[in-house]
Amino acid sequence: MGHRHAVPGRRAVLTVLGALVATGIPSAVAAEPAPPAGPLPSAAQTLGADRPSAPVLRAMERDLGLTPAQASRRLVNEAEAGTRAGRLRNALGGRFAGAWLRGTTSQELVVATTHTTDVPAIQAQGAKAVVVKKTLRDLRAAKRKLDAAAVRHSTRDTPVWYVDIPANRVAVEARSKAAAAAFVKAAGLDAKGVGVRVTALRPRLLADITGGDAYYINGTARCSVGFSVTRGTQQGFASAGHCGRTGARTTGYDNTPQGTFQASTFPGKDMSWVAVNDRWTTTANVRGEGGQNVRITGSVQALVGAAVCRSGSTTGWHCGRIEQHDTSVSYTEGRVNGLTRTTVCAEPGDSGGPFVAGAQAQGVTSGGTGDCGSGGHTYYQPVNPLLSDFGLTLKTTAAEAAAPQDNVAQTWATGRVYEAGAVVIHAGVRYQCLQTHQAQGAWAPARTPALWQRA
């Protein structure tokens, strides 16, 4: 984030982004309500992809080599593809093997299944069908075996492993083939079904003790503010867990007292949140290129292949592509599961900063390899699990967001994180979630076909 200069008589502002999420449980269906009046918004309209901010477009043009028209078209295509992929995921059930995007403007949605009989249904949704051997459930089960092996087996020379959906396999990045083979054997997996990439690079955490912009922890380490959050009436922001432990005190970019870490998880996950004092006010903004604000409207999880941009106090605003979700990384300081791997660059001090897909919050910067001179890969902690774990509501441009509810309610509620496939009751009708997100008042299922379908 860039510098913010204090204005006499006014409170300083945290420039961060917001989003909303939830999970539900199916129950009996009551009488159907009358259909909502008026035309329903498209997925692009719901997610704000049809009206992208100038900083997002400019960074996509620079970092992805797109023209202005291509950048705009890519955002719309990605929003619409997410909804189509969600419908197919629900329709295919256990046969679903993943979905991803291809093409300069993400014009091609690819959906994998284990049954050839599903091909016509996939093509009917305008997607390319691929028939594979393993379901997404199979791949995740294999990934969990690698996670379990990492508890008892050293990952010093196998620092990264993940589900590679387009390749229909799990993959391991290692410093040697021998190290990869030993890790795969310890997990009890067939080596033929595991992809191996040999590399000397090892991801590092992106915290810095050299000072600079953003916020400071106990007067020494520096990280970047991520997302504006609330818990009840308390305002604050989300960031990376490795930035500070519970109870650590923070100061702002201007070195004035700011807040205290209320909760922090690292390793295992890489998430935290800081409650701020009354001198700071949260907003639904992220600092974009040139200090311009990027407005955030939600937290709908983007597909593999989608464009994503990052803001950080060291390197500013950069964009790239999502490569894999559900990635495990073994840093020197500890192992973290459930990260998302991207082609976006980052450097020390960018930790905790926000990742954005169009107008949708995606996660907070964890660590990576390389830098913004030579390029590299950066990993982020997804925002929706962060919200759910800490009971937070992210601030968005929608004013109707409510505090998260407990996870046992069967009816749809604002502020709850819903995973793709979750079933809820709203106005007496069952709906199934199409895309992982945090629910907000403007996104009631009956009015949001981009995120929900009748079950």
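The torsion about the S-S bond of C345 and C372 is about 95°, so this disulfide is right-handed. A disulfide here is a pair of cysteine sulfur atoms within 2.5 Å. C345 sits in the loop between β22 (334-342) and β23 (354-357), and C372 in the loop between β24 and β25 (375-382), so the bond ties together parts that are 27 residues apart in sequence.

This is a predicted model: local features need pLDDT of at least 70, side-chain atom pairs count only at pLDDT 80 or more, and totals for chains, interfaces and linings use all residues. Residues are numbered from 1 along each chain as its sequence is written, and side-chain values use heavy atoms, with hydrogens and water left out.

**Disulfides**

A search of the whole structure finds three disulfides. The table lists them.

| Pair | S to S | Torsion about S-S |
|---|---|---|
| C223 and C243 | 2.0 Å | about -95° |
| C309 and C319 | 2.0 Å | about 95° |
| C345 and C372 | 2.0 Å | about 95° |

Number the bonded cysteines in sequence order, and the pairing reads 1-2, 3-4, 5-6.

The disulfide of C223 and C243 is left-handed, because its torsion is about -95°. The pair links distant parts of the chain, 20 residues apart: C223 is in strand β11 (residues 221-223), while C243 is in the loop between β13 (234-239) and β14 (249-251). Helices (H or I, at least four residues) and strands (E, at least two) are DSSP runs, numbered from the N terminus.

The disulfide of C309 and C319 is right-handed, because its torsion is about 95°. C309 lies in strand β20 (residues 307-312) and C319 in strand β21 (residues 316-331), so this bond joins parts 10 residues apart in sequence.

Which of these cysteines are buried? Buried means under 20% relative accessible area, exposed over 50%, and partly exposed in between (1.4 Å probe, protein chains only). C223 is buried at 0%, and C243 is buried at 6%. Both C309 and C319 are buried. C345 is buried at 11%, but C372 is partly exposed at 25%.

**Cavities and pockets**

Rolling a probe the size of a water molecule over the atoms shows where empty space is left. On a 1 Å grid over the protein atoms alone, a cavity is a set of points where a 1.4 Å probe fits but cannot get out, and a pocket is an open set with protein on both sides within 12 Å along at least five of seven lines; lining residues have an atom within 4 Å of a point. Grid points are joined across faces, edges and corners, and a volume is the space filled by probe spheres set on the points.

The structure holds four cavities of 30 Å³ or more. The largest cavity has a volume of about 180 Å³. It is lined by 19 residues, with L47, E78, A79, A302 and A357 the closest to its centre. α3 gives the most to this lining, with four residues.

The largest pocket has about 900 Å³ of space. Its lining holds 32 residues, and R140, Q301, H325, E419 and T436 lie nearest its centre. Elements that give two or more residues to this lining include α3, α5 (136-152) and β21.

The second largest pocket has a volume of about 230 Å³. R140 is one of its lining residues, along with others including R89, F96 and Q432. α5 supplies the largest share of this lining, three residues.
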